[in-house]
Amino acid sequence: MPRKVEVSFDRYYDYAELMQYLQDVAEAYPEIADLEIIGQSYEKRDIPALTITNKETGSHDSKPALYVEANIHAGEVTGSMTALNLIDLLVSNYGDDKKITRLVDVYTFYVLPRVNPDGAEFYLTKPETLRSSTRPWPEENMDKLPGLHPKDINGDGKILQMRVRNDKRGAWKISKRDPRLMIARQPWDSDEPFYSLYTEGLIEKFDGEPFEFIRTPYGLDMNRNFPSNWHPSIPGGGDFPTSEAEVRGVVEFITNHPNIAMANTFHTSGGFFFRNPYQYSDEQMDQTDLKLFRAVAAEGTKVTGYPDVKSSNKACLPEWLYEHKGIISFTTELWDRMGQAGIDRAEAMKAYTPEEKEDVQIRLLHWNDRALAGEGFYEWTKFDHPQLGEVEIGGWDPKLNMQNPPGFLLPGETYKNAHWAIRQAACMPLISFETVKQEKLEEGLYKITATVINEGFLPTYITNKTLELKAVKPDSVTLEGADLLSGKKTVMLGHLQGYAMAHYSGGWGAAIPNSIAKATWVVKATEGTKITLKAKSVRGGQATEELVLE
Ligand SMILES: [Zn+2]
């Protein structure tokens, strides 16, 4: 089906363009898309959320939902574009692609492509970079602190590195294998020149060396501001959990949508998925939950090649989602720069000797020359620094290479990871009626029997953590339209498992998965009476069946 709304994934949308796209999608696909504003940022920009589901098959909150957010970290703009690619795949393939059509019919997607619009706008329009919020923190006047502040001093729009010749105590030297590369000086080296390396910038209250390096006046990290294991000592964590308006908006949105069964949050970079547990070891985690996390991640690995990796970050969104709500979620670290260069990330992390580290860097430079036409690295160029004298400015492009792909490599990254989110959605539970039967016991008395099933992969409660937290009510089925001889109209069914459980029945879970439950009522009613049965699951959706007594 041709796209009704044009979109490009070979560049990074600024706020105006992103908002326009979302509005256009909501207008072009009114039967499946709704745009809402979930709150306002520190600088009073609207934070958008696009809801995608077929409204004809039920309201968004009556279906299991996947929550997808991006760009809580200012510079991780690949995330926003991946969220837009997800939107595009869903709306433009709806009615055409069988699998996507089914997902949009039975599930809901809540997509928040830019949780931190201020930070992203700053990152996309200025040479400087920042971790997340533009709210100065922990102090108001950090930009006046004595020390080196990153700045584009040669006016090329980039903040690169400065190398300053310093033969006595310079810690770096020029690689003999490639003169662009700065490598670590070794104790037995005596061949000058040696260099000090600094971030390009100016020094506030310069009084010669030494001076401090002031990374940024924007010290907040909104992905350390969630109400799980928060502590004032966490770097960038803010004043108290949800002290930041953007984080409060996200926490309220998720809490107000108890149908959210899973989540994915798009970040850069690395090329892997962070998963729970965040605060303890894999061995200390519920082993069934761990297997479910990894089974879902395996769907992502299939389409991206990225592995799942245990994280240890505190007070971040996925940790809160599991520890407080029992929801399975992932931090997808987009953009595998190493992998693009043909370097195995895990191997590169093991590089230990200076020669091994140099080798990794050389391979990255060769990839830059070969695949990026050399544009990811800036040659060292002389510059007369007002404070340090003669310096050379150059190095890797920190934004469109190290943190995010250059535009022409962006579409491949957004496409495969949008598909990862779609695969994740396909793991969600889904309840339905398998059979509904009536039996006339005598004139005016009928026995009604219904079986409710979970036809999804995951259990309706998602994780054992949910059960431990009592985070959701058990599934139920309610009879309407006639009086009962005895008993209750609403029958509690317990929590329905999914077929994932059967895969692991040898070592864990039930040998026969409890993905089906039966309810029976005896009703006093006459022939021709219409009975309605409504099955309900907080995270497994809702189903309705009608029957006429005969
Ligand atoms: Zn991040």
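**Notes on helix packing, domains and strand pairing**

1. Helix 6 (residues 287-304) and helix 12 (residues 410-425) have axes that come within 9 Å and cross at roughly 150 degrees. Here axes are lines fitted to C-alpha atoms, for helices over the stretch in contact, and angles run from 0 to 180 degrees between N-to-C directions. Helices (H or I, at least four residues) and strands (E, at least two) are DSSP runs, numbered from the N terminus.

2. A word on the model before going on. This is a predicted model, in which local features need pLDDT of at least 70, side-chain atom pairs count only at pLDDT 80 or more, and totals for chains, interfaces and linings use all residues. Residues are numbered from 1 along each chain as its sequence is written.

3. Contact means that the C-beta atoms, placed from the backbone, lie within 7 Å. By class, this contact of helix 6 with helix 12 has three nonpolar, five polar and three charged residues. (Ala, Val, Leu, Ile, Met, Phe, Trp, Tyr, Cys and Pro count as nonpolar, Asp, Glu, Lys and Arg as charged, and the others, Gly among them, as polar.)

4. Helix 12 also meets helix 2 (residues 78-93): their axes come within 8 Å and cross at roughly 60 degrees. Helix 2 and helix 12 are therefore oblique to each other. From helix 2, T78, M81, T82, N85, L86 and L89 meet residues of helix 12, including L410, Y415 and I422. The contact of helix 2 with helix 12 divides into eight nonpolar, five polar and one charged.

5. Now the domains, whose bounds come from an automatic or database domain assignment. The chain is divided into domain 1 (15-124 + 220-335 + 406-425), domain 2 (138-217 + 338-403) and domain 3 (431-548). The C-alpha centres of domain 1 and domain 2 lie 33 Å apart. Their contact takes six residues from domain 1 and nine residues from domain 2.

6. Finally, the strands: strand 6 (residues 161-165) pairs with strand 9 (residues 195-199) in the antiparallel sense over five bridges. Pairing requires that DSSP finds at least two bridges between two strands. V164 has S196 in strand 9 as its bridge partner. Strand 6 also runs antiparallel to strand 16 (residues 389-396), joined by three bridges, and Q161 stands opposite G394 in strand 16.

Terms used
Two residues are in contact if their C-beta atoms, placed from the backbone, lie within 7 Å. Angles under 35 degrees count as roughly parallel, over 145 as roughly antiparallel, 65 to 115 as roughly perpendicular and the rest as oblique.
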